[in-house]
Amino acid sequence: MIKAGIIGGSGYTGGELIRLLLGHPGVTLDFVYSTTRAGRPLSEAHPDLLGQTRQCFTDQVNQEADVVFLCLGHGNSGKFLGEWSFGPKTCIIDLSNEFRLAEQASAQGREFIYGLPELQKEAIAKARDIANPGCFATAIQLALLPLARAGRLTHPVHVHALTGSTGAGASLSETSHFSWRNDNVSWYKPFTHQHLGEIEQTLKGLQPTVGEVFFLPVRGNFSRGIFATAYTPFEGTLREARELFESYYQDAPFTWISDSPPSLKQVVNTNAAHLHLHLHQGTLLVTSVIDNLLKGASGQAVQNMNLMFGLPEEAGLALKAIGF
Ligand SMILES: NC(=O)c1ccc[n+]([C@@H]2O[C@H](COP(=O)([O-])OP(=O)(O)OC[C@H]3O[C@@H](n4cnc5c(N)ncnc54)[C@H](OP(=O)(O)O)[C@@H]3O)[C@@H](O)[C@H]2O)c1
């Protein structure tokens, strides 16, 4: 059994990892570190775990654990790895954006590999340390990877993506306050969102001449999921576009092309990404839906762990969508 530890266990992505790892057939949840809840039951922060585990949070770590997931806010992962050293065999999977860009990927004596399985499964399987992609970045890259690999992203790409409130983490903020968020919609960081860096890094790696990505993030009035649309000029037929996507994702167990326009609830609570293609007078519209906390964070982190430890890619990730 793989011995796993979680740092930042009382937050949203940490909570999702606890739920996934408790049900994972190849993993023992060794410890869940918390700065604020040491000694308290996991079910105090995550009441749905009542009856599933009696485990408590701790302020100690097992420095010889097989894998440690860092579920911390920006800037705290490097700090944590500076304070706690782990053995050379311990794999680190970081969910923050600290190590995702190539120029930041060598840190703390570790070499972080960008953990998007649909981009580089083989590199992930050989990696010791992983920088798990961002949630928006996952949904958007999945919408564009096949086009970039085929050299078909020569024009600007326009992306609108709606996110649920859990995307902002568990701490209360003005824009996640129920009274403000409910029955409300708003955009933020137009064309400057921090995930653009990793998106452009990937796309340029596949197609150096890639057109600019204009990304408008939108806050939706729901709690989970990302609903992203990307459109760009496309010289070809819908059938040709479909073949590009089908061929690119033939070995991707979680990414599927949908015949009908997808809605969020078909992927919420799963590690799936559903894509849909629509062609209108030379403009290709790609819709991409994921659960921000699963395929956009903790589910993808477990998928990466499975690849790194030679387990089936889908292990522990047979989840049930909300559906309706
Ligand atoms: N939310 C998403 O949809 C999503 C998706 C993809 C990636 N991410 C990334 O994943 C990371 C975690 O996100 P989240 O949404 O889970 O955040 P969160 O709900 O705010 O949880 C972060 C946790 O970190 C712990 N923490 C805070 N300061 C710390 C410190 N100095 N040292 C150690 N632990 C500390 C806290 O837990 P304790 O009080 O128990 O210590 C807190 O609950 C972020 O970098 C985020 O950008 C999030």
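Predicted model: local features only at pLDDT ≥ 70, side-chain atom pairs only at ≥ 80, totals over all residues.
In brief, the ligand sits in the largest pocket, and it lies between domain 1 and domain 2 because both give residues to its shell.

- Where the two domains meet, domain 1 brings 15 residues to the contact and domain 2 brings 24 residues.

**The shell around the ligand**
- There are 24 residues around the ligand, and those that come nearest are Ser10, Ser34, Thr35, Thr36 and Leu72.
- By class, the shell holds 16 polar residues and 8 nonpolar ones, with no charged residues.

**Polar contacts and burial**
- In the side chain of Thr35, an N or O atom is 2.5 Å from an oxygen atom of the ligand.
- Thr13 also uses its side chain, with a polar atom 2.8 Å from a ligand oxygen atom.
- Ala170 takes part through its backbone: one of its N or O atoms there lies 2.8 Å from an oxygen atom of the ligand.
- As for burial, the ligand taken alone exposes 890 Å², and the protein buries 80% of that area.

How values were computed
Residues numbered from 1 in each chain as written. Heavy atoms only, no water. Near = heavy atom within 4 Å. Polar contact = N/O pair within 3.5 Å; in protein donor to acceptor, adjacent residues only side chain to side chain. Areas by Shrake-Rupley, 256 points an atom, 1.4 Å probe, with all protein chains shown as cover. 1 Å grid on protein atoms, 1.4 Å probe; cavity = no way out; pocket = protein on both sides within 12 Å on 5 of 7 lines; lining within 4 Å. Sits in = over half its atoms within 2 Å of the grid points. Nonpolar A, V, L, I, M, F, W, Y, C, P; charged D, E, K, R; others polar. Domains from an automatic or database assignment. Contact = heavy atoms within 4.5 Å.
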